[in-house]
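This report describes selected local features of a two-chain model and the interface between its chains. The sequence and structure are shown first.

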Amino acid sequence: MFVRTDDKITSSQAVVFLTNTVLGAGILTMPRGITQAMKTPDSWLTILVGGMVVMLVILLMVKLGQQFPGKTVFQYSAIIAGRIPGGLLSLLLIGYFISVAGFEIRSLAEVTLFFLLEGTPMWAIVIPFIWAGAYLVSGGINSIARVYQIVFPITIFVLLLSFAVSFRLFDIDNLRPVLGSGLPPVMKGLKSSILVYAGCEVVLTLVAFMQYPQQAVKAMLGGIAIPFGLYLLTVVFVVGGLSIDSVMTSAWPTIDLIRSFEVTGFFVERLEFPLMVVWLMQMFCNFCSFFFQSSLGLSQVFKLPFPAVLLGMVPVIYLAAMVPKSLEDVFGLGDEIGKMSLVLFMLIPVMLSLVWLVRKKGRIAHG
Amino acid sequence: MSSILEYIPDWSVFGQALAALLIAIVVNRLYHKADAFVRRGKAIGKSGKSGKSGKSDKAGHSRSVLAASGPGAFPKFEPGAVPESEPEPFSGDYESDLQAILDSIGRNSDFRFRTFPMAKLNRQAALFWVDGMQNDRILNLQLMQFLMFEATIEAMEAPISPGDVLPFESLARCPERGGFKRCVLFGHAGLLIEGVPYGFLIQFPDAAGRAVAEPVSEALLRGPRLGFSEVLSENTSMLRRQGFGTSLEMINYKVGTRLTKDLVLAYFKDIVNPDLLRDVEDRVSKLDFDFFGESGYVEQLIEDNTLSPFQQAQNTERPDRVINALLEGRIAILLDGTPFALIVPATFSMLLQSPEDYYERWLPSSLLRLLRFLAAFMALMAPALYISLISFHPGLIPTELAISIIETRQGVPFPSLIEVLILEVSIEILREAGIRLPKPVGPAMGIVGGLIIGDAAVQAGIVSPFLVIVVAVTAISSFSIPTYSAGITLRILRFAGMLFAAILGMFGTILFFLLLCSHLTKLKSFGVPYVTPISPFRIQDWKDLFIRAPLSLMKRRPAMLKPRDNTRRP
C-alpha cells in the first residue's frame with residue numbers, strides 16, 4: 001500500500017503523542033504546586049511515586065482499550081455500560097478535556113502576557129492560537145502526530161540544554177534533608193503530582209488509533225516515561241537551584257530559574273528566550289491533543305461530522321479559557337483538574353473494567 | 001450557586017467567542033470553495049468522476065513504448081492525439097489528393113512542394129515539406145535523385161522489409177489525409193505517388209535547435225556539465241547515456257489538444273513502486289489542456305494542492321539529478337520543448353539538496369548541507385525575528401547589542417515593520433530587475449541598487465544599518481538554496497512571517513512557524529508525505545537528510561518511496 005488511507009499512527013508516533021499531551025503547563029508550574037502542598041524538599045520523591053501510580057493507571061487503560069480493537073473510549077463505554085450511562089461517562093470525559101484545553105491555553109496566555117506581550121488583550125493571544133490549533137487538528141490524528149514529531153526533539157533539546165546550563169546554580173543542600181518530616185508530606189503532595197500527569201486519559205482513545213495495538217503497552221509506558229523523567233529532572237533542578245522558599249513564592253519557578261543566570265558571550269545571554277519559544281510550541285501540541293480528543297469525543301458520541309464539531313469547539317474552548325478571572329483562579333482550576341482526573345480515573349477505567357469483567361464472567365457462566 | 005455564576009464570563013467574551021467562530025467558519029468555507037474552484041480544471045480529481053475520464057478518453061491520448069518498433073517492422077504511424085475533424089482517407093486518385101492537400105495547407109508561406117515524374121515507374125509524384133525543417137542538401141541530392149530515377153513500386157511497397165530496400169532511415173505509411181497534413185506541417189517530408197492510396201512520410205523533422213550547454217539555473221563546481229536541451233529525443237538520450245542497462249523504461253504520451261506534444265515518463269521499472277507509477281500515469285493521461293508550453297504546465301495540472309505555496313514536483317535541468325532521483329524510486333516527466341524535467345514525488349528535503357553533495361566527500365557535503373538548512377531558516381525567519389525582537393522584546397537580546405541597535409534606529413521615523421518592508425520590497429524589486437536585464441548591465445545594477453541605495457537609505461535615516469545587514473544576509477541566504485523555485489516559496493513566506501511578527505511579536509512568529517509545520521505535515525506529493533523522513537519518522541532515511549552519510553553506508557534506497565527493490569548494494 002503506497003498511499004495511506006487509514007488514519008492510524010505508528011508506535012513511535014503514539015509515544016510522542018502521549019508525551020506531548022502530558023508535558024504541558026506543568027513543566028513551568030509543577031515545582032511550585034507540589035512544594036506548596038508539601039513544604040519539604042522531597043517533591044522529587046512525590047513525582048516518583050506519582051509516576052509509578054500513573055503508570056499502573058495507564059496499564060489498566062491500555063488493557064481495557066485492547067479489548068476493543070479500533071474503538072475509542074467514547075465508543076466502547078456505550079458497549080460496556082449501555083448507551084446512556086456510557087454516553088454520560090463520555091460527556092464527562094469530554095467536559096474534562098475541554099476544561100484541560102481551556103486551562104492549558106489560559107496558562108499559555110498568562111505566561112505570554114507576563115513575559116512577552118504585556119498589555120495585549122487576552123483574546124488577541126487566545127483566539128489566533130485556537131485557530132492555528134483548529135487548522136492542525138482538522139488534518140486528523142496523523143497530521144497532529146507528525147507535527148509532534150517535529151516539535152518534540154526541539155523541546156527536549158532546549159529543555160535539557162537549559163537544565164544543563166543551570167547546573168551551576170544547583171546546590172544539593174537545597175534538596176536535603178531527604179524525608180526530613182517523614183512520609184506524610186509525600187502523600188500530601190501526591191494529589192498535586194497526579195495533576196502534572198493530567199492528560200494521560202488520552203490513552204483511552206490513543207490505543208484505538210495505533211497501527212499495531214499489540215505494542216500499545218510498551219508504547220504507552222514509554223510515552224509516559226519521557227515526561228516522567230523530564231518532570232523529575234525539572235523538579236530536581238528547580239528545587240535544587242532555587243531552594244524551596246523561593247520556589248513557593250514564585251508563580252513560574254522554572255522560568256525564574258532560567259532567568260536567574262546569564263550565559264555570557266552567547267548570542268542570547270539568557271536561555272529564557274529559547275525556553276519560552278519551545279514551551280509555547282509545546283503548549284500548542286498539548287492544547288491540540290485536548291482539542292482533538294474533545295472534538296473526536298463529541299463527534300463520536302453524537303455521530304456528528306468531525307469538521308463541523310471542530311469548528312463548533314472553537315468558541316467553547318475560548319469560553320473555557322476565559323472562565324478564570326485571575327491568575328489565582330487559573331491555578332485553582334489546575335487543582336480542580338487534578339481532582340477531576342482522580343474522579344474520572346475511578347469512574348472510567350476502574351469502573352468500566354469492573355463492569356466489563358462482571359459481564360464477561362457472566363457471559364462465560366451462562367454461555 | 002452564586003460563586004459559579006460569578007465565573008460566567010462577560011457578554012463581551014461571548015461576543016469574542018462568536019466572532020472567533022464566525023471568522024473560523026468563513027475562512028474554512030472560503031478555503032474549501034477556493035480549493036474546489038481551482039481543482040475543477042485539474043487532471044487529478046476524485047476517482048470515479050466519469051465525465052472527466054470520458055472526456056480524456058475522447059481526447060485519445062496514445063501511449064507507446066519508445067523502443068517498441070523493432071527492426072523490420074513497418075512502423076505504423078500514429079497520427080497526433082486529436083483528429084481535428086473526421087478522418088479523410090486518401091482517395092487513391094493522385095490529382096484530387098494533391099489538390100485537397102494544397103487546398104487545405106497550401107496557403108502557408110513556409111509550405112513547399114514539388115511534383116516530379118518517377119522515371120522507372122512512369123508516374124507522377126509529389127514531395128511536400130516545410131521550410132527549415134529538413135536538411136535541404138539531403139532533400140535535393142539524395143531523396144529526389146532516388147525518387148526520380150531509381151525508385152520502383154516494388155521497392156516502395158515491399159510488404160515485409162521495406163527498410164532493406166529503401167535508403168531512408170524512416171519510412172511510414174500514412175493512410176489518412178489529416179494526419180499526413182499535420183505531420184508534413186510538423187516537419188516530416190511527405191511523399192505522394194500516383195496510383196498509391198496512401199501517403200508516405202520519409203525523414204524525421206530536423207528543426208533548428210540550440211547546442212547542448214551547461215545548465216544555467218543549477219550551476220555546480222563539480223559534476224557533469226551537461227544540461228537538458230529543448231529536444232525531447234536528446235533529453236531521453238542523455239538519460240540513456242548515463243549507463244548500460246535495460247531497466248530504465250520510458251513511456252511516451254501525447255499531451256495537448258490543439259498543439260500536441262510528446263511527454264515521456266521515465267523510471268526504473270524494477271525500482272519504482274507500482275502504485276506510485278499507476279498514480280502518475282493516471283494523472284498524466286488525464287492532462288487536458290490545449291497547449292503545454294513548458295513542464296510547469298504539467299506540474300501545475302498534476303500537483304496535489306494548488307493552494308499550497310510549496311512546489312510538489314521538482315524541476316531540474318540536470319540529467320544526473322534526474323537519474324539519481326530515478327534510482328531512488330522516483331519518476332521523471334520530460335516534456336518536448338523544454339529543458340526542465342520534473343521529478344515526482346518531491347519532498348521537502350530534496351529542495352535543499354544539491355547533486356554536488358554526492359560528488360564531494362561526505363564530510364564537506366554534510367556541513368554544506370547543514371549550512372543550507374540554516375540559510376533556509378534565515379531566509380524564512382530573519383526579518384520576522386528582527387521585527388519581533390526590536391519592536392516587542394528588546395529585553396531578550398543581550399543588553400549591549402540592544403542598546404547599540406536602538407541607537408542606530410534613533411532617527412528612523414517608521415515602525416520596524418515598515419522599515420523592514422521598505423528594504424525587503426526594494427531588494428525583491430532589484431532581484432526581479434536583475435533577472436530581466438541583459439548580462440552586461442546586471443552587475444552595474446547590482447552596484448547601484450545594492451550598494452548605493454542601501455548606503456543612501458541609511459544616510460537618509462530611512463532604515464537602520466543593522467537592518468541592512470539583516471536584509472542582506474536574508475537575501476544572500478535565499479540565493480544559497482539550490483532550487484530556484486523553492487527560494488521563491490521562502491521569499492513569499494518570509495513576508496507572511498513578517499506580518500505575523502508585526503502583529504504578535506515572538507508569539508506571532510512561533511504561531512507562524514507552527515502553522516507552517518501544520519501545513520507541511522498535511523501536504524502530500526503523490527501520496528508521499530512532504531516532510532518525511534522527519535515525520536513520519538524514518539530513521540534509516542536520515543542518512544541522507546541533514547547530513548550526507550558516507551556512500552559506503554548508504555546501502556538502501558529511501559524507504560519513504562517504498563521502492564520495489566530497496567538495496568543499492570548488498
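## Buried positions in helices of chain A

A:Asn286 counts as buried because its relative accessibility is 0%. The coordinates belong to a predicted model, and the values reported here are computed from it. A:Asn286 is part of helix 12 of chain A, which spans residues 272-301. Apart from neighbours within four places in sequence, the contacts of A:Asn286 are A:Asn20, A:Thr21, A:Val22, A:Leu23, A:Gly24 and A:Glu104.

A:Leu113 belongs to helix 5 of chain A, residues 83-116. With a relative accessible area of 18%, A:Leu113 is classed as buried because the value falls under 20%. Beyond the neighbours within four places in sequence, A:Leu113 touches A:Glu118, A:Thr120, A:Met122 and A:Ile125.

## Interface between chains A and B

The contact between the chains involves 49 residues of chain B and 48 residues of chain A. About 4,400 Å² is buried between chain B and chain A, and carbon and sulfur atoms account for 74% of this area. Three residues, B:Leu396, B:Phe507 and B:Lys522, together supply 15% of what chain B buries against chain A, more than any other three residues.

Which polar interactions does the rule find across the interface of chain B and chain A? There are seven residue pairs in polar contact, with both residues at pLDDT 80 or more. The corresponding search for salt bridges across this interface finds zero.

Several elements of chain B each supply at least two residues of the side that touches chain A: helix 2 (11-39), helix 10 (274-285), helix 15 (362-392), helix 16 (399-408), helix 20 (484-522) and strand 13 (528-529). Helix 20 gives the most to this side, with 13 residues. Classified by residue type, the side of chain B that touches chain A comprises 33 nonpolar, eleven polar and five charged residues.

## Annotated transmembrane regions of chain B

An unreviewed UniProt entry lists residues 12-31, 370-392, 442-460, 466-484 and 496-516 of chain B under "transmembrane region". In the model, residues 466-484 of chain B are 79% helix and 0% strand, with the end C-alpha atoms 27 Å apart. Residues 496-516 of chain B are 100% helix and 0% strand, and here the end C-alpha atoms are 10 Å apart.

## Backbone geometry

One runs from B:Val344 to B:Pro345, with omega near -10°; B:Pro345 sits in the loop between strand 11 (341-344) and helix 13 (348-351) of chain B. The other joins B:Thr532 to B:Pro533, with omega near 5°, and B:Pro533 falls in the segment after strand 13 of chain B.

A:Ser243 is not a glycine, yet its phi is positive at about 70°. This residue, A:Ser243, lies within helix 10 of chain A, residues 216-249, and counts as buried at 19% relative accessibility. In chain B, B:Phe526 has phi near 50°, likewise a positive value in a residue other than glycine. B:Phe526 is found in the loop between strand 12 (524-525) and strand 13 of chain B. Is B:Phe526 buried or exposed? Its relative accessibility is 1%, so B:Phe526 counts as buried.

Notes:
Residues are numbered from 1 along each chain as its sequence is written. Chains are lettered from A and ligands numbered from 1 in the order in which they are written. This is a predicted model: local features need pLDDT of at least 70, side-chain atom pairs count only at pLDDT 80 or more; totals for chains, interfaces and linings use all residues. Side-chain values use heavy atoms; hydrogens and water are left out. Contact means heavy atoms within 4.5 Å. Buried area is the accessible area (1.4 Å probe) that two parts lose on being put together, summed over both. A salt bridge is a side-chain nitrogen of Lys or Arg within 4 Å of a carboxyl oxygen of Asp or Glu. A polar contact is a pair of N or O atoms within 3.5 Å; within protein, one must be able to donate a hydrogen and the other to accept it, and residues adjacent in sequence count only if both atoms are side-chain atoms. Helices (H or I, at least four residues) and strands (E, at least two) are DSSP runs, numbered from the N terminus. Ala, Val, Leu, Ile, Met, Phe, Trp, Tyr, Cys and Pro count as nonpolar, Asp, Glu, Lys and Arg as charged, and the others, Gly among them, as polar. Buried means under 20% relative accessible area, exposed over 50%, partly exposed in between (1.4 Å probe, protein chains only). UniProt positions are given in the numbering used here, feature names are shortened, and annotations may be inferred rather than shown by experiment.
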